[in-house]
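User: I'd like a close look at one part of this protein. Could you walk me through it in one go?

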Amino acid sequence: MAETGHSYTAWRQRARLMRALEMLAEGAPVTTVAIDLGYDSVSAFIALFKRTLGVTPSAYFG
């Protein structure tokens with residue numbers, strides 16, 4: 001917390017989201033990204049993505 005200013009949970013979500021952006025930019029399907037990064041479901045990943053970045057993954061890269 002002292003180094004990042006975020007709780008462990010928030011830091012972990014941001015780290016996973018950064019990796020998701022990399023994977024999506026490389027052309028990985030949303031489903032693959034969600035599963036590979038350990039989300040409970042594709043919809044949970046999309047919800048976090050939209051909550052954080054304001055758009056869905058397909059709109060972000062569309």
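Which helix do E22 and R19 both lie in, and how many residues apart are they?

Analyst: Keep in mind that this is a predicted model. E22 and R19 both belong to helix α1, which covers residues 8-25. They're three residues apart there, about one turn of the helix. Their side chains meet in a salt bridge, with 3.0 Å from N to O. The cut-off for that pairing is 4 Å, and the count for the model comes to one salt bridge. As background, side chains of opposite charge can pair when their charged atoms come close.

The largest nonpolar core has 12 residues, including L17, A20, L21, M23 and L24. Two or more residues come from each of α1, α2 (30-36) and α3 (42-53), and α1 gives the most, with five. Others in this core include V33, L37, Y39, F45 and F49.

Leaving out residues up to four places away in sequence, L21 touches F49, L53, Y60 and F61. F61 sits in the segment after α4 (57-60) and is partly exposed, at 38% relative accessibility.

Definitions and conventions. Residues numbered from 1 in each chain as written. Predicted model: local features only at pLDDT ≥ 70, side-chain atom pairs only at ≥ 80, totals over all residues. Heavy atoms only, no water. Helix = DSSP H or I, 4+ residues; strand = E, 2+ residues; numbered from the N terminus. Core = buried A, V, L, I, M, F, W, Y, C linked by side-chain atoms within 4.5 Å. Buried < 20%, exposed > 50% of the residue type's maximum accessible area, 1.4 Å probe, protein only. Contact = heavy atoms within 4.5 Å.
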